[in-house]
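Have the structure open while you go through them.

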Amino acid sequence: MGRIVTSSPMQHGSLDTNRIMLLVVAACLPGVLIGTWFFGYGILINISLAVIAALVLEACLVKIRGREPRLYLADNSALVTAVLFGIAIPPGSQWSLLLMGIAFAIVIGKHAFGGLGQNAFNPAMCGYLFLLLTFPLEMTSWHIPNDAIVAGSSFSPIAWQGFLQALLLTFPFLTSDPSGIQATVDGLAMATPLIEFKMAGPNALRAAQENGLSLFARSSQTGWELVNFGYLLGGLFLLFKRIINWHIPVSILATIVVLSILFYAPGSTSIYGTTYLHLFGSATMIGAFFIATDPVSAATTNKGRLVYGIIIGASIYAIRVWGSYLDSIAIAVLFGNFCAPLLDHFCRPRLYGENRPLPTTENLPRAAAENNEPGS
């Protein structure tokens, strides 16, 4: 009778990798839906195209490496990378821009390091930063179709026309008159209020309430603030499900709050921006809860996570205020990824019995007694 060889008994968690990744995608839904309502269908088109391209690239690269593609696609890591990348890319970006960015994310950011669990940097932010440095104008302009702005219902003919406009912006070769589509686009819509108002924008939610406007009316310009509240809600869901630890998002947000309070002078002409604007006027919430918490590229110890979050929070604020890129999440997170191995080295917990004095002729009997050995 043959023996069954098994591994040592281990305690198994209730969530595996593919389920964790699906929960992360589900947590993104409030922010994605609010963003689609305010900025049109371009966000959904970005995500759809990025997901398809990421899954195809993932399967091809895994096949080239001599592995089984179905097993690697089942972990849904490429799905999460594609969703985060699609959210970060401005709606209305052309298909070629999307494909270049997601290809860089999957090929260079992930598989060049050995695949899932081996990448040193967040793949989605690698792809985003590659496009930001290569196509700075396209990556800081949000092309919002006019019909998407004035649509009163998700099922109205105007909304359908807005979807067609967003689709043609992504695939301009589908129309024989690209200039006609560009003419119906609000080309002045920038990526975030931090850029549009030079970090001196008002609280849109408060202004809408004072003017009697609906918070969900596109004319109220409350979109970015409500999008951040959507991602905050998704981040709290991840904390509740224990998908992520509190150390990184709390340290990031706390650092931004402290720095924005220290440097902002109320009533002055300072361009540093209010605390509220730094938290809800850009991509702070999705960066703190969804991007910086990547378990592979982030620090792994609790003390390291706190320092890691402080580094990212300080980098976000410094780049926004004193740097050239106001939407600084990608740069700050990648810098934090660069510091993560060093933090894991210096912030690792002390091992049991570490730093104990070596036995000498004076303390040999005591050392032997501590080890339950007879002294002599």
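1. A cut-off to start with: a residue is called buried when its relative accessible area is under 20%, and exposed when that value is over 50%. Keep in mind that this is a predicted model. With that cut-off, N76 goes down as buried, because its relative accessibility is 15%. N76 sits in the loop between α3 (69–73) and α4. Its backbone is worth a look too: phi of N76 is near 65 degrees, a positive value in a residue that isn't glycine.

2. Now put R242 beside that. Here too phi is positive in a residue other than glycine, with a value near 60 degrees. R242 is also a loop residue, placed between α12 (223–240) and α13 (247–263). Is R242 buried or exposed? At 76% relative accessibility it counts as exposed.

3. On to helix packing, where the pair is described by the angle between the axes and the distance between them. Helix α1 (residues 17–39) packs with helix α4 (residues 77–88) at about 20 degrees, and their axes are 9 Å apart. Angles under 35 degrees count as roughly parallel, so that is what α1 is to α4. The crossing of these two, α1 and α4, is left-handed.

4. Who meets whom in that pair? From α1 come M21, L22, V24, V25, C28 and V32, and on the α4 side they meet S77, L79, V80, V83, L84 and I87. Sorted by class, the contact of α1 with α4 holds 11 nonpolar residues, one polar and no charged ones.

5. The second pair I'd check is α12 with α15. These helices pack at an angle of about 20 degrees, with 8 Å between their axes. α12 and α15 are therefore roughly parallel to each other, and their crossing is left-handed. On the α12 side, the contact uses N228, Y231, L232, G234, G235, L238 and L239; these meet T284, M285, I286, F289 and F290 in α15.

6. How many residues of helix α15 (residues 284–291) are buried? Eight of the eight are, so the helix is largely enclosed by the rest of the structure. For the record, the buried residues of α15 are T284, M285, I286, G287, A288, F289, F290 and I291.

7. Next, the largest nonpolar core. As a general background remark, nonpolar side chains tend to be buried together in soluble globular proteins. The core here has 74 residues, and Y231, F290 and Y308 are the ones that touch the most other members. The helix that gives the most to this core is α1, with 10 residues.

8. Leaving out residues up to four places away in sequence, Y308 touches I248, A292, S297, A298, A299, V333, G336, N337, A340 and L343.

9. Last, H247, which has its place in helix α13. H247 counts as buried because its relative accessibility is 10%. Which residues does H247 touch, not counting those up to four places away in sequence? They are N302, R305 and L306.

How values were computed: Residues numbered from 1 in each chain as written. Predicted model: local features only at pLDDT ≥ 70, side-chain atom pairs only at ≥ 80, totals over all residues. Heavy atoms only, no water. Axes fitted to C-alpha atoms, helices over the stretch in contact; angles between N-to-C directions. Helix = DSSP H or I, 4+ residues; strand = E, 2+ residues; numbered from the N terminus. Parallel < 35°, antiparallel > 145°, perpendicular 65-115°, else oblique. Left-handed = near helix turned anticlockwise from the far one by under 90°. Contact = heavy atoms within 4.5 Å. Nonpolar A, V, L, I, M, F, W, Y, C, P; charged D, E, K, R; others polar. Buried < 20%, exposed > 50% of the residue type's maximum accessible area, 1.4 Å probe, protein only. Core = buried A, V, L, I, M, F, W, Y, C linked by side-chain atoms within 4.5 Å.
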